[in-house]
Amino acid sequence: MKVLVIPDIHQKIALVNQILERQEKEVDLTVFLGDYFDDFEDNQYEVNAMATWFKSNLYKEKRVFLMGNHDFHYRVLPYALYCSGYAHWKHDIIQSILS
């Protein structure tokens, strides 16, 4: 079995889409290792785009999405544990799309 592993996206959607276009046809499974959010110079449009991309890809066949430490504080324990890059305004955007 061939597995494509993609770690630490940090909102680099264009790069991830390029990798998927080139490689995904050649593999049996694509595993995302988390850290989808918290690019340190991000803005509301990038956070919105990442959450929207994530939601639209979450249930595609042959894809597994794991949660990283930069995702955990937005989905599981908001306001309890923070990683660098966390912001309350990002939490609100992500929750509005992924709730």
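Predicted model: local features only at pLDDT ≥ 70, side-chain atom pairs only at ≥ 80, totals over all residues.
User: Which strands does β2 pair with, and how many bridges join each pair?

Analyst: Strand β1 (residues 3-6) is joined to β2 by four bridges, and these two strands run parallel. On its other pairing, β2 is linked to strand β3 (residues 63-65) by three bridges, again in a parallel arrangement. You can find the pairings in the model by looking for facing residues: I6 stands opposite F32 in β2, while T30 stands opposite R63 in β3.

User: What does the chain pass through on its way from β2 to β3, and what is the handedness of that unit?

Analyst: To judge handedness, we look with the strands pointing away from us and follow the path from the first strand over the helix to the second, and if that path runs clockwise, the crossover is right-handed. Here β2, α2 and β3 make a β-α-β unit that is right-handed.

User: How many aromatic pairs does a search of the whole structure find?

Analyst: The search finds eight aromatic pairs. One of them is formed by Y36 and F54, whose rings are 4.8 Å apart from centre to centre with 55° between the planes, a geometry that counts as tilted. Y36 belongs to the loop between β2 and α2 and F54 to helix α2, so this pair ties together parts of the chain that are 18 residues apart in sequence.

User: Are Y36 and F54 buried or exposed?

Analyst: A residue is called buried when its relative accessible area is under 20%. Y36 has 2% relative accessibility, so Y36 counts as buried, and F54, at 13%, counts as buried too.

User: What kind of aromatic pair do F37 and Y74 form, and where do these residues lie?

Analyst: The F37 and Y74 pair is edge-to-face, with 5.8 Å from centre to centre and 70° between the planes. It links distant parts of the chain, since F37 is in the loop between β2 and α2 and Y74 is in helix α3 (residues 69-75), 37 residues apart. F37 is buried at 3% relative accessibility, and Y74 is buried at 0%.

User: Which residues form one aromatic cluster?

Analyst: That cluster is made up of F32, Y36, W53, F54 and F65.

User: Which residues make the nonpolar surface patch?

Analyst: M1, V3, V5, L33, V64 and L66 make this patch, which covers about 540 Å². Among them, L33 is found in the loop between β2 (29-32) and α2 (44-57), and its 39% relative accessibility is why L33 counts as partly exposed.

Technical notes: Residues numbered from 1 in each chain as written. Heavy atoms only, no water. Patch = residues over 30% accessible without salt bridge, like charges linked within 9 Å, V, L, I, M, F, W, Y side chains within 5 Å. Areas by Shrake-Rupley, 256 points an atom, 1.4 Å probe, with all protein chains shown as cover. Salt bridge = Lys/Arg side-chain N within 4 Å of Asp/Glu carboxyl O. Buried < 20%, exposed > 50% of the residue type's maximum accessible area, 1.4 Å probe, protein only. Pairing = 2+ DSSP bridges. Phe/Tyr/Trp six-rings, centres within 6.5 Å; stacked < 30°, edge-to-face > 60°.
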